Amino acid sequence: MKAYVDTNILVDLVLARQEFLFDAQRVFAVGYADDAQIMVSALSFVNTVYLARKYKYPIDEV
């Protein structure tokens with residue numbers, strides 16, 4: 001199975017947004033367990049890094 005992860009889920013995981021972190025971790029855990037192939041667009045990565053920098057997250061952790 002293939003699953004497309006949108007920017008919001010990636011942001012929830014990387015920036016550890018408490019309201020949504022558990023669900024985001026579950027999505028990526030399914031991919032890690034090889035139950036699904038997780039796909040993320042390049043633009044989602046760029047947007048996540050932008051938001052991390054905007055909200056002063058350590059960029060080396062992102």
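This is a predicted model: local features need pLDDT of at least 70, side-chain atom pairs count only at pLDDT 80 or more; totals for chains, interfaces and linings use all residues.
User: Is Phe-45 buried, partly exposed or exposed, and which residues does Phe-45 touch?

Analyst: Buried means under 20% relative accessible area, exposed means over 50%, and partly exposed lies in between, with a 1.4 Å probe and protein chains only. Phe-45 counts as partly exposed because its relative accessibility is 46%. Contact means heavy atoms within 4.5 Å, and, not counting residues up to four places away in sequence, Phe-45 touches Leu-10 and Val-40. From C-alpha to C-alpha, Phe-45 and Phe-28 are 15 Å apart in space, and they are 17 residues apart in sequence.

User: What about Ser-44 and Thr-48: are they buried or exposed?

Analyst: Both have their place in helix H3. Ser-44 is buried, with a relative accessible area of 2%, and Thr-48, at 2% relative accessibility, counts as buried too. Leaving aside neighbours within four places in sequence, Ser-44 is in contact with Tyr-4, Val-5, Asp-6, Thr-7 and Leu-10, and on that basis Thr-48 is in contact with Thr-7, Leu-10, Val-11 and Val-14. The side chains of Ser-44 and Ser-41 are joined by a polar contact of 3.1 Å; such a contact is a pair of N or O atoms within 3.5 Å, where, within protein, one must be able to donate a hydrogen and the other to accept it, and residues adjacent in sequence count only if both atoms are side-chain atoms.

User: At what angle do H1 and H3 cross, and how is such an angle read?

Analyst: Axes are lines fitted to C-alpha atoms, for helices over the stretch in contact, and angles run from 0 to 180 degrees between N-to-C directions. Angles under 35 degrees count as roughly parallel, over 145 as roughly antiparallel, 65 to 115 as roughly perpendicular, and the rest as oblique. The axes of H1 and H3 (residues 42-54) come within 9 Å and cross at roughly 45 degrees, and the two helices are therefore oblique to each other. In this contact Thr-7, Leu-10, Val-11 and Val-14 of H1 meet Ser-44, Phe-45, Asn-47, Thr-48 and Leu-51 of H3.

User: How do H1 and H2 pack?

Analyst: H1 (residues 7-14) and H2 (residues 21-32) have axes 8 Å apart and pack at an angle of about 110 degrees, which makes H1 roughly perpendicular to H2. Ile-9, Leu-10, Asp-12 and Leu-13 of H1 and Leu-21, Ala-24, Gln-25 and Phe-28 of H2 make the contact.

User: What can be said of the phi angles of Ala-16 and Asp-34?

Analyst: Most residues other than glycine have a negative phi. Ala-16, in the loop between H1 and H2, has a positive phi of about 50 degrees although it is not a glycine, and, at 33% relative accessibility, Ala-16 counts as partly exposed. Asp-34, in the loop between H2 and strand E2 (37-40), is not a glycine either, yet has a positive phi of about 65 degrees; at 69% relative accessibility, Asp-34 counts as exposed.

Definitions and conventions. Residues are numbered from 1 along each chain as its sequence is written. Side-chain values use heavy atoms; hydrogens and water are left out. Helices (H or I, at least four residues) and strands (E, at least two) are DSSP runs, numbered from the N terminus.
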